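Okay, thanks for coming, everyone. Let me put the model up on the screen, and then I'll walk you through a few spots.

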Amino acid sequence: MNPSWNVAKKELYIAVRTKRFLIVMAIYFLLFGFIAYSTKSELMDMGSARVGSVGLWDMWAVRGDVYYTPFTLMFLLNMSLLTIVGAVLGVSLGADAINREVEEGTAKVLFGHPIYRDEVINGKFLGFAVLVLSTSFLTFLLTVGLILLLGLPLTMDSFIRGLLGMLVTALYTLVYLSFGLFLSTLFKKPENSLIVGLLLAIFVPIFYNLIAGAIVDKIVGPEPYWDSPAYNTWEESRNAWILRFNMLNPTHHYVQLVVYIFGGDEFTNYYTPLGDALSYGFNNLALLLVMLLLPFAFSYVRFLTRDLN
């Protein structure tokens, strides 16, 4: 059997038994249960599906129209939760994957076997990726299960878009996993890489856009009176600068992709065709893939050239 797959199975087995994974998932289930309970009445009283805008600009610099169904609403609420839980899960899996092996001396034991370093880091990432995909699928099943439990309609179109949203959620979590692996090769102490990773996993989804907005306000100057000729120019300039800052924000790209997937067309009062939705989100998807591959490439090079003593 491929050595990388043996490492992957070992990492997968260990990861699902760690306290941090169980704690993260327990927190997620509790928050999901709270959201489900608090929105049950709203879901039941939604009536006919409609196209409406989403107000996510202040939090993640995301705008767009979505086709609101009970499933769409529940998925968007779950997505808001996963912006933080997914980031924390990804970082917590990867942030001590390498340096803990070195600190505890298990790396030397591991390389006493006929295995190469690239097989080790590839196997670790593969094992964690399987876990991320499994947990993302579980969150999707929870959303579907809640809708069916409440006896609400779920069309095949909504189901397929939910599957795509699940894959985007997994990709978002893998971005933070990749960054966690990079921190694990950057810091010698596992505690340091884990703390830095968790701080960033909480800071970026919650505070990044707020701080970007404060910086942009210094760049574009004070807001003119809303009915003055200069207001539209000021607003366009401010929004453009905020989008430039959010080019580096994985949460922005994740949320924007989900909004495109569930996008709605006011003329037809139905979902935007999937082909159009994916073309709108192509740049967001490409940047998420770059954010996934770039830290992993740095981790790969550092691990292959690192002195394990």
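Predicted model: local features only at pLDDT ≥ 70, side-chain atom pairs only at ≥ 80, totals over all residues.

Two packed helices are described by the angle between their axes and the distance between the axes. Take helix 1, residues 3-15, and helix 7, residues 117-149: they pack at an angle of about 45 degrees, and their axes are 7 Å apart. Helix 1 and helix 7 are therefore oblique to each other. As for handedness, the crossing of helix 1 and helix 7 is right-handed.

Who is touching whom there? On the helix 1 side, the residues in contact include Pro3, Trp5, Val7 and Leu12, and on the helix 7 side they include Glu119, Val120, Phe128 and Leu131. Sorted by class, this contact has eleven nonpolar, four polar and three charged residues.

Let me zoom in on one of these residues, glutamate 119, which sits in helix 7. Is glutamate 119 buried or exposed? Its relative accessibility is 17%, so glutamate 119 counts as buried. Leaving aside residues up to four places away in sequence, glutamate 119 touches Pro3, Ser4 and Val7.

Now stay on helix 7, but look at another partner. The axes of helix 4, residues 70-94, and helix 7 come within 11 Å and cross at roughly 155 degrees. That makes helix 4 roughly antiparallel to helix 7. The crossing of helix 4 with helix 7 is right-handed. In this contact, helix 4 brings residues including Phe71, Met74, Phe75 and Leu82, while helix 7 brings, among them, Phe128, Leu131, Thr135 and Phe140. By class, the contact of helix 4 with helix 7 has 14 nonpolar, four polar and no charged residues.

Next up, aromatic rings. A pair of aromatic rings is described by the distance of the centres and the angle of the planes. How many aromatic pairs does the count come to? The count comes to 21 aromatic pairs. One of them is tyrosine 172 with tyrosine 176: the ring centres are 5.3 Å apart and the planes are at 75 degrees, so the pair is edge-to-face. Tyrosine 172 has 0% relative accessibility, so it counts as buried. Tyrosine 176 is buried too, at a relative accessible area of 5%.

For another pair, go to tryptophan 241 and phenylalanine 245: their ring centres are 6.4 Å apart and their planes are at 45 degrees, so this pair is tilted. Tryptophan 241 and phenylalanine 245 both lie in helix 10, residues 229-245, again four residues apart, about one turn of the helix. Tryptophan 241 is partly exposed, with a relative accessible area of 31%, and phenylalanine 245 is partly exposed as well, at 24%.

Ring pairs link Phe71, Phe75, Phe137, Phe140, Phe159 and Phe262 into a cluster. You've already met some of those names: Phe71 and Phe75 on the helix 4 side, and Phe140 on the helix 7 side, take part in the contact between helix 4 and helix 7.

Let's turn to the backbone. Most residues other than glycine have a negative phi, and most peptide bonds are trans. Alanine 61, though, has a positive phi of about 55 degrees. You'll find alanine 61 in the loop between helix 3 (57-60) and strand 2 (65-68), and alanine 61 is buried, with a relative accessible area of 1%. Asparagine 269 also has a positive phi, near 50 degrees. Its place is in the loop between strand 3 (264-265) and strand 4 (270-271). Asparagine 269 is partly exposed, at a relative accessible area of 36%.

Last stop: alanine 212, in helix 9, residues 190-220. Alanine 212 is buried, with a relative accessible area of 4%. How far apart are alanine 212 and isoleucine 242, in sequence and in space? They are 30 residues apart in sequence, and 6.4 Å apart in space, C-alpha to C-alpha.

That's my tour, thanks!

Key. Residues numbered from 1 in each chain as written. Heavy atoms only, no water. Axes fitted to C-alpha atoms, helices over the stretch in contact; angles between N-to-C directions. Helix = DSSP H or I, 4+ residues; strand = E, 2+ residues; numbered from the N terminus. Parallel < 35°, antiparallel > 145°, perpendicular 65-115°, else oblique. Left-handed = near helix turned anticlockwise from the far one by under 90°. Contact = heavy atoms within 4.5 Å. Nonpolar A, V, L, I, M, F, W, Y, C, P; charged D, E, K, R; others polar. Buried < 20%, exposed > 50% of the residue type's maximum accessible area, 1.4 Å probe, protein only. Phe/Tyr/Trp six-rings, centres within 6.5 Å; stacked < 30°, edge-to-face > 60°.
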